[in-house]
Amino acid sequence: MKLFLVFTLATLAFAKRFDGDQVLTLHPTSSEHVITINEMEEFADFWRPDSPSLVREGSPVDVRIPREYLFKTKRVLAAINMDFEVKVNDVQDTIDHQFTGTKTPYAGAYDYDVYHTDVEIESWAFDMQSQYSSLLKVETPTKSEENRNIVRLTMGSSQNNPIFLIDCGIHAREWISPAFCQCFVNRMLSQYNTDANVRSMMDALTFVIYPLLNVDGYAYTWSDDRMWRKTRSNYGTVCTGVDPNRNFDAEWSGPGSSSNPCSDTYYGPEVASEQLSKELSNFVLSHTGEIQAYLTFHSYGQVYIYPYSDAVKDVDNKQEHNDIAIASAAALEAVHRKQYTYGPGYQSMYLAAGGSDDFSKDFGVPLVYTIELRDTGRYGFILPESQIAPSCEETYAAVDVIAQHVMTKL
Ligand SMILES: [Zn+2]
């Protein structure tokens, strides 16, 4: 245990630090404001929306400003009369406090209330398979660019039921997402024999779950840069990484994505250039007609987004998407009073081409949601571990509504 502590401290000691960085919420109300925000791209880290090109008058913008640019930035904001407030006062301090400090090395008993490394998540998956061999199959169908396993779980009393597809961790820094996939899998397996509701879903559906799709990016957020979002591939350019959620075959290279390899929304050298996009795309394409629903978990914002995001157009079953989002959000809110909004991507978020959600809808999945988990910006990507358990509890209720709706259609 002591060795582990030393290792953890050593790892953190080499990681990029964010002392004094702040996250500001800006309130642009004129085209001049929007232009000024666009000009901040050189030094600012856009949290929400995730690209300066998506900034609009009247919509708030969360952006991390490195300490050395804070004074100048605030002076410029004052000069052009743009309202703003400080959302995160010290990013490094918030990172340091995301952990509860009670983490012990993983040795059998898994703690779902803490964040785990990619290595721990992979061993957890195989341990779950040993423990629940009749309900869970673990596969590693694809290697990442850095030669890690992309883990795929197939869960249910049969592997041949209609598929309910879930992925977590497409974006590296959104840690609550893979944390949710882990607690969800544990809940479905450990309560199969005691909870009739869980059992009915596990008997009717085959859950296919990628608990950590962007495994390289996630590993990098632990070792080097907590704020990393993209993959870790490099195609001979000065910057590393592709935004995996701009890399799918859905109006690829279109609005809300960037050709600049240094951008956080870089769409990559070609469609599905990234190993994780290839894996997910191949799975969807090879199970046409079998996948009944697809949920992809991100953070943050507390939003249900349904297609489309790659253009201002609606899905054929918009009413169904909207009705189920309303019912799901109501069930979620009943647990811990957290409110989620909902709507088509082009309306509830912003235009963003190349997403896994639009791709899946285009290639035959009838019901598709991107779910942006907690919070609404107080902690943003640095959600403290104390919020993992309540996030899990409320999101179980949310997923149940969608799964039960799918079951009524079978
Ligand atoms: Zn995301």
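Mentor: The site of the zinc ion is irregular, with angles of 57 to 150 degrees among its four donor atoms. Four donors count as tetrahedral if all angles lie between 85 and 135 degrees; four count as square planar and six as octahedral if opposite donors are over 155 degrees apart and all others between 65 and 115; anything else is irregular. This is a predicted model, in which local features need pLDDT of at least 70, side-chain atom pairs count only at pLDDT 80 or more, and totals for chains, interfaces and linings use all residues. Residues are numbered from 1 along each chain as its sequence is written, and side-chain values use heavy atoms, with hydrogens and water left out.

Trainee: Which atoms coordinate the zinc ion?

Mentor: H171 (ND1), E174 (OE), E174 (OE) and H298 (ND1) do, at 2.1 to 2.3 Å. Donors are N, O and S atoms within 2.8 Å of the metal (3.2 Å for Na, K and Ca); water is not among the atoms, so sites may look incomplete.

Trainee: What spacing do the donors follow along the chain?

Mentor: The spacing is H-x2-E-x123-H.

Trainee: Is H171 buried or exposed?

Mentor: H171 is buried, at a relative accessible area of 4%. Buried means under 20% relative accessible area, exposed over 50%, partly exposed in between (1.4 Å probe, protein chains only).

Trainee: Changing topic, what does V198 touch?

Mentor: Not counting residues up to four places away in sequence, V198 touches R187, M188, Q191 and Y192; contact means heavy atoms within 4.5 Å. V198 is buried, with a relative accessible area of 0%.
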